[in-house]
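Have a look at the sequence and the fold, then see what the questions turn up.

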Amino acid sequence: MSDFKNKVVLITGGSSGIGFETAKQFCQAGANVVFSGRNQNKGEKAQQKLNTLGGSAKFVCSDASDATHAEQLVKTTVNEFGCLDIAFNNAGFGGQIAPLHLQSEENWQQV
């Protein structure tokens with residue numbers, strides 16, 4: 001990864017999996033990372049790990065499927081670091097296994 005020193009990165013779903021690994025890479029490259037997830041305990045543990053790598057990491061407990069949460073997450077990022085340079089919209093889950101035309105609207109919104 002290139003040098004991301006002082007860049008501000010927002011990652012949804014960053015407390016585990018691909019989101020966490022992406023957050024690690026950005027932290028190691030010197031970025032300030034705000035990441036979200038729905039599990040407070042898991043997020044706090046991830047934040048502790050990330051803050052040992054360089055840059056700065058801040059966890060925000062948030063549900064990316066909720067528009068109010070998403071708006072607050074962006075505001076928190078800008079309030080904390082003064083700007084937002086990169087957004088990695090990673091949060092999501094597989095949901096109901098069914099052909100697209102048989103998906104419920106509720107499932108579609110969650111995924």
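Predicted model: local features only at pLDDT ≥ 70, side-chain atom pairs only at ≥ 80, totals over all residues.

Author: Residues are numbered from 1 along each chain as its sequence is written, and side-chain values use heavy atoms, with hydrogens and water left out.

Reader: What pattern does the protein follow along the sequence?

Author: Helices (H or I, at least four residues) and strands (E, at least two) are DSSP runs, numbered from the N terminus. There are four helices and four strands here. Read along the sequence, they give β-α-β-α-β-α-β-α.

Reader: How much of the protein is buried?

Author: A residue is buried under 20% relative accessible area, exposed over 50%, and partly exposed in between (1.4 Å probe, protein chains only). Out of 111 residues, the share that counts as buried is 32%.

Reader: Which loop holds Leu 84, and what is its relative accessible area?

Author: Leu 84 sits in the loop between helix H3 (67–81) and strand S4 (86–89). The residue is partly exposed, and its relative accessible area is 32%.

Reader: What box do the C-alpha atoms fill?

Author: Take the box along the principal axes. The C-alpha atoms of the protein then fill roughly 45 × 30 × 25 Å.
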